[in-house]
Amino acid sequence: MTHAEIQITADLVRDLLRDQHPDLADHPVRLGARGWDNQLWRLGDDLAVRLPWATQSADALLRKEHTWLPALAPRLPLPVPVPQRLGEPSARFPRPWIVTTWVPGEPADRAPVTRAAEAATALADFLTALHRPAPEQAPAGRDRGGPLADHSEGFARLLASATELGLVPDPDAVRALWDDAAAAPDWAGPALWLHGDLHPANVLTADGTICGVIDFGDLFAGDPACDLAAAWILLPDDTAADRFHAAYQPAPDAATLRRAQGWAVARALSGILIGDAGVHGRPGGKPTWGPPAHAALRRLIATQR
């Protein structure tokens, strides 16, 4: 993570709004969250300002959301942060930024799903609505999508790192799960719209079930297996995952489910490493990512036995 030298404050956010969107400048401003790519500042009760602060890629991701998400949002059955305004780079802040609607709820890494059946249905309905054929000019995935086998080297590095740290109880089972997923037939259907980053910090909950989905920076077109991995990453047990797969339409075939498990095990390993980094105070670490990732990996390993 490459944190910006410019300190983002409420005063800076207000100044940016006065310069480019003065009709919003009098709304109360307060810090909402510091995410992986962006800081989120509440703007009144219904809006938020997202400003890149950590990664160089965040600029392009914000512009992508501003371009594509407003057209997709109306058909989605869960609230999402719909871009309302775009802020251009300036002398005050040399990067683009956006104003979006505010989506209430708590991230699932802090408030996990407890009403499993309701959450499974909500997630299935959301992905059924999102997963529609994308136009030819739709963006491609940064480091996901496409044939799963193309990511085997990256997976091997994740597994080696987690194993060296003693974070994976059965590395051979994890490797076997990946190898089976990578050997599954590739997606032969049309490229579908995908969220691309459905980990617990990007899914919001309220009263134990899913109430919103945020951070569409990785929005792209590709194989739905990438998103279907969320059944193991977000839901608390196999019964809920089965309910999700029964509700999602069209029903995924066996090859798609195998690839989805591959994406899920890679995402679980990544979450485990980020969680461990957070526990030990290493840069980029988020301690709340560890527990859901460990739980997901345990369930995935159990499917192989």
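Two strands are taken to pair if DSSP finds at least two bridges between them. In this predicted model, that criterion places strand 3 (residues 47-52) in contact with two partners, strand 2 and strand 5. With strand 5, which covers residues 97-101, strand 3 runs antiparallel and is joined by 4 bridges, and within this pairing V49 stands opposite V99 of strand 5. With strand 2 (residues 38-43), strand 3 likewise pairs in the antiparallel sense, here over 6 bridges, and V49 of strand 3 is the residue opposite which W41 stands. Strand 2 and strand 3 form a hairpin with 3 residues between the strands, in which G44 takes a positive phi near 65°.

Of its 6 residues, 6 are buried, so strand 3 is largely enclosed by the rest of the structure. The side chains are divided between two directions, with L47, V49 and L51 pointing one way from the strand and A48, R50 and P52 pointing the other way, and all of these residues are buried.

Two packed helices are described by the angle between their axes and the distance between the axes. Helix 4 (residues 152-164) packs with helix 9 (residues 254-279) at an angle of about 40°, the axes lying 10 Å apart. Because angles under 35 degrees count as roughly parallel and those from 65 to 115 as roughly perpendicular, this value makes helix 4 oblique to helix 9. The crossing of these two helices is left-handed. On the side of helix 4, the contact involves F155, L158, L159, S161 and A162, which meet V265, A266, L269, S270 and L273 in helix 9. Divided by class, the residues of this contact comprise 8 nonpolar and 2 polar ones, with no charged residue.

Helix 5 (residues 171-182) also packs with helix 9, the two axes coming within 8 Å and crossing at roughly 140°, which makes helix 5 oblique to helix 9. The crossing of helix 5 and helix 9 is left-handed. Helix 5 contributes V174, L177, W178, D180 and A181 to the contact, and helix 9 contributes R258, R259, Q261, G262, V265, A266 and L269. The contact of helix 5 with helix 9 has 7 nonpolar, 2 polar and 3 charged residues.

Terms used
Residues are numbered from 1 along each chain as its sequence is written. This is a predicted model: local features need pLDDT of at least 70, side-chain atom pairs count only at pLDDT 80 or more; totals for chains, interfaces and linings use all residues. Side-chain values use heavy atoms; hydrogens and water are left out. Axes are lines fitted to C-alpha atoms, for helices over the stretch in contact, and angles run from 0 to 180 degrees between N-to-C directions. Angles under 35 degrees count as roughly parallel, over 145 as roughly antiparallel, 65 to 115 as roughly perpendicular and the rest as oblique. A crossing is left-handed if the near helix is turned anticlockwise from the far one by less than a right angle, and right-handed if clockwise. Contact means heavy atoms within 4.5 Å. Ala, Val, Leu, Ile, Met, Phe, Trp, Tyr, Cys and Pro count as nonpolar, Asp, Glu, Lys and Arg as charged, and the others, Gly among them, as polar. Buried means under 20% relative accessible area, exposed over 50%, partly exposed in between (1.4 Å probe, protein chains only).
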